[in-house]
Amino acid sequence: MFDFLKKKLKEVAEKISGKQKEIEEEKEKIVKEPEIVVKEKIEEKIPEIKEEVKEVRKDKSLFFKLKEKIVKKVLEKKLTREDLEPLLENFGVELLEADVAFEVSEKIKNDLIKELEGREIKKGSEKEVVVEAIRKSLSGILDLPKIDLEKEIKNKKPYLIVFFGFNGSGKTTTIAKVANFLAKKGFSCVLAAGDTFRAASIEQIEEHAKKVSLPVIKQKYGADPAAVIFDAKKYAEAKKIDVVLADTAGRSYTNENLMEELKKIVRVNKPDLKVLVIDSLTGNDAINQAKFFNEIGVDAVIFTKLDVNEKGGAILSVSYLLKKPILFVCDGQRYEDIKFFDKEEFLNNLLSF
Amino acid sequence: MLESFSEGLKNAIRKIIGKSSVDEKAVEEFLKELKVIFLQSDVDVELTNKFIETVRKKVLKEKIPEGLTLKEYLIKVVYDELVSILGKEATDIKGKKIMLVGLFGSGKTTTAGKLAYYLKRRGKVALVGLDYHRPAAPEQLKQIAEKINVKFLIGKDTFEVAKESLEKFKDYDYIIYDTAGRDALDEELANELKKLGEIIKPDEVLLVLPADIGKIARKQAEEFNKLVGITGIIITKMDSSAKGGAAIAACSVTGAKVKFIGVGEKIDAFEKYDPKRFVSRMLGLGDLETLLEKAREVVKPEKVEKIVEGEFTLEDFIEQIESIRNMGPLSNIISMIPGLSLPKDLLKQQEEKMKKWKYMMQSMTPEERKNPEIINESRIRRIAKGSGTREEEVRELLDQYFKMKKLMKSMGGIKGLKRGQLEQLMRQFGLRL
């Protein structure tokens with residue numbers, strides 16, 4: 001998983017620590033053979049210092065001072081912005097390859113410059129330092145609010161969760177997984193067949209419900225999804241059920257009418273949690289999806305199909321934009337293939353090179 | 001943020017397109033921007049680099065054909081290169097047995113229905129459901145088939161159904177096979193697909209790819225191609241902000257071309273691939289050419305004559321508005337003009353306004369329409385009442401008309417609408433660009 005993004009991060013870490021090594025080696029050379037290096041350096045800077053030298057040519061002590069100055073400058077050399085920028089120039093483009101949106105890679109880049117600029121780094125620890133800097137930046141992006149779902153559910157009955165997202169992102173399967181997860185924790189659940197548009201969507205959620213032994217509230221195709229979900233809520237109130245998990249039709253976020261429909265669902269039912277389901281295979285458009293759907297108000301995100309994805313960029317992009325908790329990640333076809341997002345695990349995985 | 005970034009790119013490109021001559025430095029600049037656009041549109045990086053190299057070689061090292069400026073040549077080369085990967089024109093369905101394959105949630109079943117509906121006009125079509133993994137997938141196919149009144153076959157076992165279909169639909173013109181969504185690297189599903197290919201021996205294997213898929217598209221396309229041999233690509237979900245650049249990777253690695261585009265959730269939201277539209281959208285360059293072609297079509301020559309002579313009635317005005325509306329919703333037209341983007345609300349407002357103007361027109365007498373100068377306050381009241389609008393709205397229409405008339409005179413007609421003039425025209429309709 002995420003091999004590609006990992007590879008890219010590794011490349012940049014190596015590049016930067018390579019540069020640091022160069023600087024270290026230069027320093028070492030100066031320490032070992034100070035005269036030769038200083039001579040080299042002076043020759044290198046001849047045009048620059050000629051003017052200065054002209055004035056002091058006859059004065060040995062002043063010339064010595066100049067020499068000292070250059071040695072000191074060379075010895076003091078640290079990573080500067082000028083060193084880092086060329087190394088990171090293509091960083092954004094490279095992370096684009098891993099489906100990380102451009103503005104996100106820009107942020108990582110700036111973080112790295114801020115973190116590394118002017119740092120003096122001990123020889124041998126270059127890579128460590130650079131990897132730490134990358135980790136710090138990614139960790140900042142993934143520094144998301146947390147949500148304690150079980151606690152929330154205990155505090156409100158029935159607790160209504162509405163799931164929405166683009167077509168084919170995996171909403172219905174995800175609902176079955178979340179319901180199964182909550183049922184195993186001892187919560188009673190009911191599903192609402194709120195996708196009344198796509199052919200066989202109702203049969204699909206019914207089949208899922210049967211497999212995880214949960215009730216479904218449904219109406220006919222073409223029915224108002226807001227009403228279906230309302231029914232489910234009323235049913236849960238009457239039967240004292242803990243959680244209502246509402247499906248909605250997949251929709252293109254650029255279709256205004258469909259977004260209005262979603263707004264109506266929210267207006268009528270006032271869900272306790274609005275969950276955006278995002279296919280982690282999505283490319284650079286993931287950030288657009290997040291942005292458009294956030295007009296409805298996203299409380300938490302679920303990423304699906306992680307078992308297929310090797311790039312992991314969508315998680316970074318969407319988290320950067322929304323700063324909303326990642327409720328779950330889904331990584332397989334079975335009902336059990338759902339888990340909490342573990343930031344440390346994700347980072348360790350990405351940075352284990 | 002994202003918008004400002006892509007705006008920046010558009011500007012960079014416009015800058016170069018706008019230059020009268022393009023020097024080497026400008027070409028390099030352009031290629032650099034192009035690279036970012038490609039990657040942002042989810043094109044695979046290796047292909048991007050290869051593509052850029054080809055363009056650079058052609059533009060800088062080869063001789064520019066006579067009659068073309070470097071600028072024109074540059075755009076032409078990019079377009080030609082892209083089209084040579086994606087397909088120069090829409091290629092038709094060949095043969096009878098068509099199998100749809102792809103990842104989960106790419107839209108195969110919906111697409112199977114759309115394709116069946118599309119082919120129905122040409123002959124007898126049957127739909128066969130081979131997805132017995134996803135709950136209710138066969139049911140979905142059945143509901144779609146019944147809705148569009150096409151014969152279908154579903155069962156319990158993938159291979160049995162596949163075998164049965166060959167016999168059952170032997171006399172049909174087209175058999176469309178909907179297969180289970182799968183990760184092409186998943187061994188079990190891969191084997192199933194391979195075996196299906198051996199049983200069915202399809203004439204066409206179409207890879208269904210969603211427009212928003214990321215760079216994983218390449219690897220998946222490669223695997224699917226190894227398993228069953230891809231003969232064509234269908235890009236779905238183009239009714240979003242996604243660019244569909246993954247198509248380039250898929251076409252490159254399989255050698256297959258794009259055949260169809262899914263543009264919405266309705267059964268007929270399905271189009272033949274159109275290279276011009278696809279490429280300009282992918283590059284975010286808008287579709288100026290199409291727009292101008294359309295603009296040329298809708299402006300009738302005799303009208304232009306009249307307008308040049310200074311005769312420009314309210315009827316002409318409404319006709320102009322109508323003809324622009326005929327090009328599609330305003331937002332579509334605006335998106336065809338490079339570098340123009342307007343807030344959605346404003347466009348919607350404007351479309352509403354145009355509708356109202358039409359009602360007002362219908363409430364006018366023929367005399368009033370021909371000679372709007374005679375419309376006084378009491379006539380305005382009557383028109384407002386008759387059309388169910390407010391008086392100030394009628395005044396606004398008249399105001400817009402008089403402004404337009406003035407503009408028309410100063411422009412000397414609308415033959416050969418140029419970009420600046422078109423903008424002016426739109427501004428005249430109350431669109432502040």
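This is a predicted model: local features need pLDDT of at least 70, side-chain atom pairs count only at pLDDT 80 or more; totals for chains, interfaces and linings use all residues.
Chain B is built from 20 helices and eight strands. Of its 433 residues, 41% are buried. When contacts in chain B between residues at least 6 apart in sequence are considered, 73% of them join residues at least 24 apart.

The interface between the chains comes next. Here 33 residues of chain B are in contact with 36 residues of chain A. On the chain B side, the elements that contribute two or more residues are helix H1 (2-18), helix H2 (24-40) and helix H6 (137-148).

The axes of H2(B) and helix H3 (residues 45-61) of chain B come within 10 Å and cross at roughly 160°. Because angles over 145 degrees count as roughly antiparallel, H2(B) is roughly antiparallel to H3(B). Their crossing is right-handed. From H2(B), the contact draws on residues including Val27(B), Leu31(B), Leu34(B) and Phe38(B), while H3(B) supplies, among others, Ile52(B), Val55(B) and Val59(B). The residues of this contact divide into 10 nonpolar, one polar and three charged.

The loop between H2 and H3 of chain B holds Asp42(B). Phi of Asp42(B) is near 70°, a positive value in a residue other than glycine. Most residues other than glycine have a negative phi. Lys237(B) lies in the loop between strand S6 (232-236) and helix H10 (246-254) of chain B, and with 27 C-beta neighbours inside 10 Å Lys237(B) counts as buried.

The largest nonpolar core has 184 residues, of which Ile161(A), Leu191(A), Leu245(A), Ile176(B), Ile233(B) and Ala250(B) touch the most other members. Leaving aside neighbours within four places in sequence, Leu191(A) is in contact with residues including Ile175(A), Ile205(A), Leu214(A), Leu245(A) and Asp247(A). A second, separate core of 11 residues includes Met360(B), Met364(B), Ile383(B) and Val394(B).

Lys157(A) and Pro158(A) are joined by a cis peptide bond, with omega about -10°. Most peptide bonds are trans. Pro158(A) sits in the loop between helix H9 (149-155) and strand S1 (159-164) of chain A.

Definitions and conventions:
Residues are numbered from 1 along each chain as its sequence is written. Chains are lettered from A and ligands numbered from 1 in the order in which they are written. Two residues are in contact if their C-beta atoms, placed from the backbone, lie within 7 Å. Helices (H or I, at least four residues) and strands (E, at least two) are DSSP runs, numbered from the N terminus. Axes are lines fitted to C-alpha atoms, for helices over the stretch in contact, and angles run from 0 to 180 degrees between N-to-C directions. Angles under 35 degrees count as roughly parallel, over 145 as roughly antiparallel, 65 to 115 as roughly perpendicular and the rest as oblique. A crossing is left-handed if the near helix is turned anticlockwise from the far one by less than a right angle, and right-handed if clockwise. Ala, Val, Leu, Ile, Met, Phe, Trp, Tyr, Cys and Pro count as nonpolar, Asp, Glu, Lys and Arg as charged, and the others, Gly among them, as polar. A residue is buried if 20 or more other C-beta atoms lie within 10 Å of its own, exposed if 12 or fewer, and partly exposed in between; C-beta atoms are placed from the backbone. A nonpolar core is a set of buried Ala, Val, Leu, Ile, Met, Phe, Trp, Tyr and Cys residues joined through C-beta atoms within 7 Å.
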